[in-house]
Amino acid sequence: MLRARSRDQMRNAPVALGALNTTVSHVVGTGLTYTPAIDAKFLGLDDEQAEAWQDDVKRRFKAWAESPDCDVARQLDFYAIQELAFRAYLESGDSFILTPRIARSGKPAKLALQIIEADRVCNPNKSADTPTVIDGIEIFPATGEVIACHIARRHPGANLYAKGSNKWDRVAVRGSSTGRRNVLALFKPLRPGQVRGVPWIAPILEPLKQLGRWSDAELNAAVVSGLMATFITMDPTAFDT
């Protein structure tokens, strides 16, 4: 409900949308970039070797980050992905990033990023929460560690498919053999044990809604008053003696 109301305000309330756009612009800006600075002394490298390594890695990162191949859908580069992920996090309360390695056109597999909308992370078949699966997040009960996410292949609200045809994939947060992060969860926990986020404007949803209604009422009143004209007439013989 909070997510739906937050999105309603972001689409229909100029104040909320303006605040979101300003925050995204100021926080993300041109986006995070990479400037390698290795410990050359520890690695046994001289200054020239360290500089050569850093320049090579920076060139490789730049080529990856500026290419749409870093996006699973091949739509955005790395910097646009950052902006979209942060915007989704503020608007929906959380967003999830998958980090698969994809081989394209016969080339070696490379890292690609896939943003998963918050709605798609949910309990399989919309089942009730259990001690181990809470709103699509699977935890280890003894420690509360998040071990997997259950992701719907299609948006649960889509009505283009037959009822019951949606499927869920269980994606482990870390690889079983390497410990590599397969899922990045973007959200800010506000309470111990919290596994899902809260939309950025959740605390002011009601005042924002009331402000929108008041603004609409004032604008309508101004328009109506501008359309109506009042004429006062007087009997020309009223003051005749």
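1. Buried means under 20% relative accessible area, exposed means over 50%, and partly exposed covers the range in between. Arginine 74 has a relative accessibility of 42%, so it counts as partly exposed. The model discussed here is a predicted one.

2. Arginine 74 sits in the loop between α4 and α5. Its phi angle is positive, about 55°, although the residue is not a glycine. Lysine 126 is a second residue other than glycine with a positive phi, here near 55°. Lysine 126 belongs to the loop between β4 (114-116) and β5. With a relative accessible area of 60%, lysine 126 is over the 50% cut-off and therefore exposed.

3. Strand β5 (residues 133-134) pairs with strand β6 (residues 137-140) in the antiparallel sense, over 2 bridges. Isoleucine 134 has isoleucine 137 of β6 as its bridge partner. The hairpin of β5 and β6 has 2 residues between the strands, and aspartate 135 in this hairpin takes a positive phi near 50°.

4. β6 also pairs with strand β7 (residues 145-152): the two run antiparallel and are joined by 4 bridges. Which residue of β7 stands opposite isoleucine 137? The residue is cysteine 149. The hairpin of β6 and β7 has 4 residues between the strands, and glycine 144 in the turn has a positive phi of about 80°.

5. Now the aromatic side chains. How many aromatic pairs does the count come to? The count is 6 aromatic pairs. One of them joins phenylalanine 61 and tryptophan 64, with 6.0 Å from centre to centre and 45° between the planes, a tilted arrangement. The two residues are 3 apart in helix α4 (residues 47-65), so about one helical turn separates them. Are phenylalanine 61 and tryptophan 64 buried or exposed? Both are buried.

6. Phenylalanine 86 and tyrosine 89 form another tilted aromatic pair, at 5.8 Å centre to centre and with 40° between the planes. In helix α5 (residues 78-92) these residues are 3 apart, so they too are separated by about one helical turn. Phenylalanine 86 has 18% relative accessibility; this is under the 20% cut-off, so the residue counts as buried.

7. Phe61 and Trp64 also belong to an aromatic cluster, which they form together with Tyr34, Phe78 and Tyr79. A reader who has the structure open can look for these five names together.

8. Next, charged side chains. Side chains of opposite charge can pair when their charged atoms come close. The structure holds 15 salt bridges. In one of them, arginine 59 meets aspartate 56, and the closest N and O atoms are 2.6 Å apart. These residues lie 3 apart in helix α4, so about one helical turn lies between them.

9. Aspartate 56 forms a salt bridge with arginine 60 as well, with 2.9 Å between the closest N and O atoms. Here the spacing in helix α4 is 4 residues, so the separation is again about one helical turn. Aspartate 56 has a relative accessible area of 28%, so it is partly exposed. Arginine 60, at 54% relative accessibility, is over the 50% cut-off and so counts as exposed.

10. The side chains of glutamate 83 and arginine 87 meet at 3.9 Å, N to O. Both residues lie in α5, 4 residues apart, which is about one turn of the helix. Glutamate 83 is partly exposed because its relative accessible area is 37%. Arginine 87 is partly exposed because its relative accessible area is 22%. Elsewhere in the list of salt bridges, those that share partners join Arg3, Arg7, Glu117 and Asp119 into one network.

11. The last point concerns the surface. Leu2, Leu190 and Val198 form a nonpolar patch there, and together they have about 260 Å² of accessible area. Leucine 190 is located in the loop between β9 (183-186) and α6 (205-227). With 58% relative accessibility, leucine 190 is over the 50% cut-off, and therefore counts as exposed.

Definitions and conventions. Residues are numbered from 1 along each chain as its sequence is written. This is a predicted model: local features need pLDDT of at least 70, side-chain atom pairs count only at pLDDT 80 or more; totals for chains, interfaces and linings use all residues. Side-chain values use heavy atoms; hydrogens and water are left out. Patches are made of residues with over 30% relative accessible area and no salt bridge: like charges are joined within 9 Å, nonpolar side chains (Val, Leu, Ile, Met, Phe, Trp, Tyr) within 5 Å. Accessible areas come from the Shrake-Rupley method with a 1.4 Å probe; for residues, only the protein chains shown count as cover. A salt bridge is a side-chain nitrogen of Lys or Arg within 4 Å of a carboxyl oxygen of Asp or Glu. Buried means under 20% relative accessible area, exposed over 50%, partly exposed in between (1.4 Å probe, protein chains only). Rings of Phe, Tyr and Trp (its six-membered ring) pair if their centres lie within 6.5 Å; planes under 30 degrees apart count as stacked, over 60 as edge-to-face and the rest as tilted. Two strands pair if DSSP finds at least two bridges between them.
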